[in-house]
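Please open the model in your viewer and keep the sequence beside it. The stops below say what to select next and what is there.

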Amino acid sequence: MHPILSFRGRLLGYLLLWVTFGGLLAGIIAVTGEASLQWGELFAIPLAVLMGLQCLPCWYLVRGMAPDEVPALRLLGTWLGASFVLLSLWLVAATLWMRVLKYFDRTPSVDPGTLMPLLVFAGCVGVLIAILGLYSSAALERSREAERRTLELRALAREAEMSFLRRQLDP
């Protein structure tokens, strides 16, 4: 099972991280003068959570494509393709969300043409953070697994040594 989905605390922490990312994006939208902070939060936080949910399946790519086992060109191509798909879907969702907000009169006069470059940049940063975070998590998991195997091998070696000593004492 997915490590983030297997524990409620991890999932809440993960979603909190993406809510924070959305808050930062809302702040940038407000600072650039595109819209108010309130509208920025209403717009950016759900999109950031969606980005986080979209990036969850990347865990399976990370597990199947360890950097030391896969050629660099294949790794780069796979991640560029996956990032393009994730970013495209996210931008479509952003456009639809903007239209929904406009339909319910919850949007100021935001020009999508000036907001899109910011969303493209934020989406690229979000996908990059997610991929690097997942690779860090996978490296930590591999490290723990290697440590566990080392401890098991030490225990087996001690057991073999004790068995050898018993045979010497009791032929």
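Before selecting anything, take one term for surface exposure: a residue is buried under 20% relative accessible area, exposed over 50%, and partly exposed in between, with a 1.4 Å probe and protein chains only. This is a predicted model, in which local features need pLDDT of at least 70 and side-chain atom pairs count only at pLDDT 80 or more, while totals for chains, interfaces and linings use all residues. Residues are numbered from 1 along each chain as its sequence is written, and side-chain values use heavy atoms, with hydrogens and water left out.

**Salt bridges**

The structure holds three salt bridges, a salt bridge being a side-chain nitrogen of Lys or Arg within 4 Å of a carboxyl oxygen of Asp or Glu. Select Arg63 and Glu141, whose closest N and O atoms are 2.5 Å apart in one of these bridges. Because Arg63 lies in helix α3 (residues 58-64) and Glu141 in helix α5 (residues 112-169), the pair ties together parts that are 78 residues apart in sequence. Helices here are DSSP runs (H or I, at least four residues), numbered from the N terminus. Glu141 has a relative accessible area of 35% and is therefore partly exposed.

Next, stay in helix α5 and select Arg148 together with Glu145, which lies three residues away, about one turn of the helix. Their salt bridge brings the closest N and O atoms to 2.3 Å. Through shared partners, the salt bridges join Glu145, Arg148 and Glu152 into one network. Arg148 counts as partly exposed at 36% relative accessibility, as does Glu145 at 32%, and Glu152 is partly exposed with a relative accessible area of 40%.

**Aromatic pairs**

Rings of Phe, Tyr and Trp (its six-membered ring) pair if their centres lie within 6.5 Å, and planes under 30 degrees apart count as stacked, over 60 as edge-to-face and the rest as tilted. By this rule, the count comes to five aromatic pairs. Select Tyr14 and Trp18, an edge-to-face pair with 6.2 Å centre to centre and 70° between the planes. Both lie in helix α1 (residues 8-31), four residues apart, about one turn of the helix. Tyr14 is buried at 13% relative accessibility, and Trp18 is buried at 2%.

For the last stop, select Tyr103 and Phe104, an edge-to-face pair with 5.1 Å centre to centre and 85° between the planes. Tyr103 and Phe104 are both exposed.

How values were computed
Helices (H or I, at least four residues) and strands (E, at least two) are DSSP runs, numbered from the N terminus.
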